Amino acid sequence: MAGAYTYIGRSTPREDASRVVTGTVQFIDDIALPGLLHGRVLRSPHAHALVKAVDKTKAEALVGVEAVLAWEDVPDWKGGMTNSTRVLDRKVRFVGDAVAIVAATTRKTAAEALDLIDVEYEILPGVFTLDDALDPGAPQLYEDYPGNVVTPGVPGWGPESLKDLVTGDVDGGFREADVVAEGVFGCENIPNPMPPETPGAIGLWEEPNKITVWVSDQAFYKHKGYLRRIVGSGFDIKTIGVPCGGSYGSKNMSWQLQLHAVLLSKATGRPVKLVLSKEEQLAAFTLRPSSRMHVKVGLKRDGTVTALSGRWLVETGHYSQTTQAQVAVGLGEAQLAIRCANWDLHPAIVCTNRNASGMVRGFGGQELKCSLTPILSLAMEKAGLDPFEFFKKNYVKPGDGYFWRNGKWYVYRGVDYAAAMDEGAKRFGWAEKWKGWLNPSEVSGTKRRGVGVCVHGNADIGEDPSEAYVRLDPDGTATIHSALVEHGTGQKTNIVKMVAEVLQLPLDRVSQLPTDSSNSPFERGPGGSRGTYATGSAVIAAAEDARHKLLESAAHALGADPADLDTDSGMVFRKNEPSERISWEAAVGRRTCIGYGRFEEDFTLANCMMTFVEVEVDTETGHVTLIEVVNTTDVGQIIDPPGLEGQMNGCLGSGGIDSALFEETVLDSSTGRMLDSNMVDYRWRTFFELPSVHNVVLETPFASHRFGAVGVGEVATAPGPAAALMAASNAIGVWLDGYPATPQRVLRALGNVAPGRTGGGAT
Amino acid sequence: MEHADRIRLTVNGKVHDIEIGDRDDQVGPLETLAATLRERLRLTGTKVACDDGACGCCTVHLDGMAILSCMTLTVECDGKDVTTIEGLSDPKTGALDPLQQAFIDHTAFQCGYCTPGIIMSAKALLAENPRPTEEEVKEGLSGNFCRCISHYHVVKAVMSVVPPGGG
């Protein structure tokens, strides 16, 4: 609905478009600085070991090597949630853990130096599965985490941060239920978001205490505060945001490699660039969490959920980057999707000796949804319920409440998504394709088609504060001071469109400052689809404030009332005499008008994505082909049509729908070694395997900001995997027992099926 | 090496006389074309993502053919003509290639990291087959990774520069 607007809702070129297509965007590895050194990390070949000795002499003697550092050479800086993990430790906890870091004049020399470092290890027994880690006699990864269970709670979200979901009376709820189902289901294939650009940073240490970090993450400003928490006060920290070559949530945090670069710079007096190789990215940078649920759910035949109780195990690998936060948000998101008065759901976060899990779009809720939906399906099947009708009935409605991540209760005041869901179902042809549980929608020889549906939403669209300045110069231009970096969503273009709309300025007269924490106010950065509402609100408020100041100054000069004035195209005029126009410069003289805007955290709005999936299974080969996807949502107001379309198409990749079909990280469970940490063995979708994707977008205005929009990009991947597994199971007539639906799993399910078996895959 | 060999490499119309050897200022026998382009010639529009020949991000043209510069040794390129993303626009006017403009007009990218490689693959495909069908475009780009899922917009952008009556 662009009708009312000049820029909002219209397709306009991305502000960085000409740089993107000419290859002139400067990503982190494209940056050259005088005296720049190249860093590399020596990584552990053992999953669990003590570093007894590190002999650096041969490496240090290599010409071109400027520094070699091991755990004894660095301060006791610790990161992770509850500060568990040292920047370089004497204990290594996964194959790929950092043992030593090297800076050299060339990449080649840095790589050669790694081979010259001799390390003596004392190998410790490791734990590689959830069950092994929770065994009473299991080897312990951390003294601070007895039983390998991470301390629950998110310190930054206050003492009540959501650690479990206990409300109402589950016993009473189960008594009210018409059907009760119980089961265990896991989503344990830990897919990799796998952005094309590997994570990287440049660190610069300047005596006595100045730290500058260039970083490719999606949210660079917050690193300033995060690094301060790790290194302590007394440092002057500046972070510089560099365009981010894909993140999907994963490049929200990279403190360890940032500090490796800083420490090497401190040791050498020169800037040090540290960019991970693809193998390091896949084997030693963060993955999705692994999740397993054992729950019991009670339903009435009308689709009311009367009780949900059980345990949610989340395996986080060798440390928790933010897993407690993902659990908290996941618990919140469970309530958005399932209206239920009686909960008793208890999570536990478990460490194992593998590469860590961390932030990925879907942020805990996707993993929860993938585990919970098959068990819910079992209950729906018993109650004879259509999953589309079930999800439509149970998704949060205006006036419903939920506990959010900080443990506080919020009442939803957004739109009812039922209309969007109906529209999506119509587009997909749900009513015609749905033939009941474990029934294919179509059979042709060995080819069987099946359909599935799931829903997901997040109230983090209003998480954390944002601030911005908008500066109006007398020459009729506007400059946005926002610490927002481009990471693929087009959000930097969208804030230009918002400012241009408020000021009625042509897009090319609105520019942005370089992304540097020293020139812009607080901005948490993108995450949880917050860019449209949170960042957008701050930028809009700053533009409105600047406009107000401009018109006040002009009114003073012109002897008019500010309320009688208006502006467009860098001109000021009286509303009743729009043809008599004077330039900003003529109106306000040599004056800069600076507006400030701030967004305060708000969890009373939530986005929603419902995804319908149709697959075709070849029962002879076990191969599952994705045929069609329909995503449906309501965003209030589209800001940029192709940008939104792109975000929704993203449902396939970055550990989305394809993580239910073929993506998986394969770990050798006897050594903890990852077997597919390269782009040949780790499977990904090519241009030649594109399914039909349709996106249905309604625009019912939200009470968010003046454009009535909310963001939706982060959740695009989240409902699809559970819907895809449901579709594949319906196609073959038997529940698949886990993710992904590989030919092996499909054939095993078909071979094991007993005649007449019904019921969810939960066992 | 006992003697310094030299190779001549033309990149985006400019001739480079390159010394082969083991010193840091020479191109080593194992140096990839991607590394030479990025680190020596500072043509950083060519991206290295997998460094393993799997993702197509490093695609450039070698004598007009799309090749993976991370899997090509610079020493093998003596006398060859290389075109990178920086060389696609008109050298005289600076005007963008119509395919680049089509990527802008269709917002055929999200993070933009894979885009140079995708454009170079598509450009080579169109040189070989000026009127491809949509299926042929998809097949031609199958070696190019995109994780944001801009595939659909890319296919539209490429098809938009195919003259009517194509296929």
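This is a predicted model: local features need pLDDT of at least 70, side-chain atom pairs count only at pLDDT 80 or more; totals for chains, interfaces and linings use all residues.
**Entry 1: chain B against chain A**

I started with the contact between the two chains. It takes 45 residues from chain B and 57 residues from chain A. The area buried between them is about 4,100 Å², and carbon and sulfur atoms give 63% of that area.

I then looked up the polar side of this contact. The count is five salt bridges between chain B and chain A, and there are 15 residue pairs in polar contact, both residues at pLDDT 80 or more. For the elements on the chain B side, I noted that α1, α2 (98–105), α3 (115–128), α4 (134–140) and α5 (151–160) each supply at least two residues. The largest share comes from α5(B), with five residues. By residue class, the chain B side divides into 22 nonpolar, eleven polar and twelve charged.

One salt bridge I checked by name: Arg107(A) pairs with Glu39(B), and their closest N and O atoms are 3.0 Å apart.

**Entry 2: Arg42(B)**

I went to Arg42(B) next. I found it in the loop between α1 (33–40) and β3 (59–62) of chain B. For background, most residues other than glycine have a negative phi.

What does Arg42(B) touch, leaving out residues up to four places away in sequence? I list Asp30(A), Ile31(A), Ala32(A) and Leu37(B). With Asp30(A) there is a polar contact: the backbone oxygen of Asp30(A) lies 2.7 Å from a polar atom of the Arg42(B) side chain.

Is Arg42(B) buried, exposed or partly exposed? It has a relative accessible area of 39%, so I put it down as partly exposed. I also took the distance to Gly28(B): Arg42(B) is 14 residues from it in sequence and 17 Å from it in space, C-alpha to C-alpha.

**Entry 3: Thr22(A)**

Thr22(A) lies in helix α1 (residues 17–22) of chain A. Its relative accessible area is 17%, and the cut-off for buried is under 20%, so I count Thr22(A) as buried. Not counting residues up to four places away in sequence, Thr22(A) touches Ile85(B), Glu86(B), Leu96(B) and Gln100(B). Within chain A, a polar atom of the Thr22(A) side chain lies 2.6 Å from the backbone oxygen of Ser18(A).

**Entry 4: domains of chain A**

I followed up domains 1 and 3 of chain A. The contact takes 18 residues from domain 1 and 17 residues from domain 3.

The area buried between domain 1 and domain 3 of chain A is about 1,200 Å², and carbon and sulfur atoms give 55% of it. Which three residues supply more than any other three of the area that domain 1 buries here? I noted Gln218(A), Phe220(A) and Tyr221(A), which supply 48%.

Across this interface the rule finds one salt bridge. Lys238(A) and Asp516(A) meet in a salt bridge through their side chains, at 3.6 Å from N to O. On the domain 1 side, α6 (221–231) and β13 (236–241) of chain A each supply at least two residues. The largest share of that side, five residues, comes from β13(A). I sorted the domain 1 side as eight nonpolar, six polar and four charged.

**Entry 5: helix α11 of chain A**

Helix α11(A), residues 387–394, is mostly covered, with six of its eight residues buried. I listed them as Pro387(A), Phe388(A), Phe390(A), Phe391(A), Lys392(A) and Asn394(A). The N-terminal end of α11(A) is capped by Asp386(A), which has a side-chain oxygen 2.7 Å from the backbone nitrogen of Phe388(A).

Most peptide bonds are trans. I found a cis peptide bond joining Glu207(A) and Pro208(A), with omega about 0°. Pro208(A) is in the loop between β11 (200–206) and β12 (210–215). The peptide bond from Tyr739(A) to Pro740(A) is also cis, with omega near -5°. Pro740(A) is in the loop between α19 (720–732) and α20 (743–752).

Last, I looked up Asn148(A), in the loop between α4 (130–134) and β9 (165–167) of chain A. Its phi is positive, near 65°. Its relative accessibility is 0%, so Asn148(A) counts as buried.

Key
Residues are numbered from 1 along each chain as its sequence is written. Chains are lettered from A and ligands numbered from 1 in the order in which they are written. Side-chain values use heavy atoms; hydrogens and water are left out. Buried means under 20% relative accessible area, exposed over 50%, partly exposed in between (1.4 Å probe, protein chains only). Helices (H or I, at least four residues) and strands (E, at least two) are DSSP runs, numbered from the N terminus. A polar contact is a pair of N or O atoms within 3.5 Å; within protein, one must be able to donate a hydrogen and the other to accept it, and residues adjacent in sequence count only if both atoms are side-chain atoms. Contact means heavy atoms within 4.5 Å. Buried area is the accessible area (1.4 Å probe) that two parts lose on being put together, summed over both. A salt bridge is a side-chain nitrogen of Lys or Arg within 4 Å of a carboxyl oxygen of Asp or Glu. Ala, Val, Leu, Ile, Met, Phe, Trp, Tyr, Cys and Pro count as nonpolar, Asp, Glu, Lys and Arg as charged, and the others, Gly among them, as polar.
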